[in-house]
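This report is meant for someone meeting the structure for the first time. Please look over the sequence and the model before reading on.

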Amino acid sequence: MTDAVEYDVVVLGGGPAGENIVDRTRAAGLSTALVEGELVGGECSYWACVPSKALLRPALARADARRVPGLAAAVAGPLDAQAVFAHRDYWTGSWKDDGQIDWLESVGAHVYRGHGRLYGVRKVAVTSPEGEHHVLSARHAVVVATGTRAVVPDVPGLAEARPWTSREATSAQAAPGRLLIIGGSVVAAEMATAWQALGSRVTVLVRGSGLLPRMEPFAGELVAEALHEAGAVVRTGVAVESVVRDGSTGPVRVVLEGGETLEGDELLVATGRAPRTEDIGLDTVGLAPGGWIAVDDGCRVPGIDWLYAVGDVNHRALLTHQGKYQARIAGAAIAARAAGGTRLDTAPWGAYAATADTEALPQAVFTDPEAASVGLTLAEAERAGHRVRAVDHDLGKVSGAGLYADGYRGRARMVVDLDREILLGVTFVGPGAAELLHAATIAVAAQVPIDRLWHAVPAFPTISEVWLRLLEAHRG
């Protein structure tokens, strides 16, 4: 190893969370190095959020247009798949990170290409693709932001069948004739929506009782209903026993428990994520390789005052926007401690606590219909011991929804804490519902009293009038 190059902060992982740490620490005047072995910008920019939404947007726009009188006939034909793929490729920079590198250099960060590993106290060793070795030393903090990878379950024959994961599903250049999907997650639901619209015959195999299990049950039910109407098949309560594929490009056969066999041209596995921590040197600082990195509410590793972990790798909230939020919190804490602060205010909702990870977590699923939620579901609130009431409303009965689309179908729910008269959670399902989410997030995060929400008047005729209907129902 060469002599160590010293920085104030060293960031291991260049996805959105890592980039946001760089942004915050550089803004505070701290010298910062970022280490990345793949594309700077991470999973979100190239194989998840960005390409998936580029694939989904035409599908959702067409679905909306088909519900508008005077427009429906004009969009009756199929999508131009090649144009959709070209649009997706544009948004991923054709899987090149030149723009991300330019931005990092513009803020004065130093980028090291290669595999990074912790190398004891406040040090990171980097091996470049050319075999060069560097040691980076941090005066104040090392931040792990290495993210996650898709899990391929230990099912006989599955790994050998070369299944798609989210990476292949968002970067493919042609629609398979028949696509089998294992899982009921957000990835499963969104990719079923996208590829069915792009011409594939989609079958979704869900081990549990429905899609989107972390949301209110009606969210998964409405999405599954729409997929069925679009021509997809969604089967719940089924388990995969084995997978067989002959040759490198032949059909893939999935054998279910009980012996039934299904055949497809491609198979997407969307059953969860695992942390990228198996070979990043955690053992050199007394942590177990391969696991999630536990952190406090300030995203600092307990017992190691210089080590932080942000983004998916800490398992607090596996969402890009939450990783960026954690990076803003941790970056502020690193800067404050570097400036001499020793007793930072880490109380809930303070400047150095990522409270929203547990109290006001927002998520939008870009299926048709869209599903969006923030905070606790009814079941989660009841399990937590809150005295609550769920207030529901048919979203299609709001005037703005009827004007948005003929036959609009959707549902809204708010979960009310009856002791404090605030909202613990809100869920919307319906076309365009994702754009309703931030108002709900503000209400939950700010713990706005129900009586004050009554004075937040929704404009007519918007779908946001559902807030008035929900509040009226709560007041009786």
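The structure is a predicted model, and the protein in it contains 15 helices together with 21 strands. Its radius of gyration is 24 Å, close to the 23 Å that the globule rule gives for 476 residues, so the protein is as compact as a globular protein of that length. Taken along the principal axes, the box filled by the C-alpha atoms is roughly 70 × 65 × 45 Å. Among the contacts with a separation of 6 or more, 63% come from residues 24 or more positions apart.

How many disulfides does a search of the whole structure find? The search finds 0 disulfides.

| Residue | Relative accessible area | Class |
|---|---|---|
| Cys44 | 12% | buried |
| Cys49 | 27% | partly exposed |

Cys44 is classed as buried because its relative accessible area of 12% is under the 20% cut-off, whereas Cys49, with a relative accessible area of 27%, falls between 20% and 50% and is therefore partly exposed.

Key. Residues numbered from 1 in each chain as written. Predicted model: local features only at pLDDT ≥ 70, side-chain atom pairs only at ≥ 80, totals over all residues. Heavy atoms only, no water. Helix = DSSP H or I, 4+ residues; strand = E, 2+ residues; numbered from the N terminus. Rg over C-alpha atoms; globule rule 2.2 N^0.38 Å. Contact = heavy atoms within 4.5 Å. Disulfide = S-S within 2.5 Å. Buried < 20%, exposed > 50% of the residue type's maximum accessible area, 1.4 Å probe, protein only.
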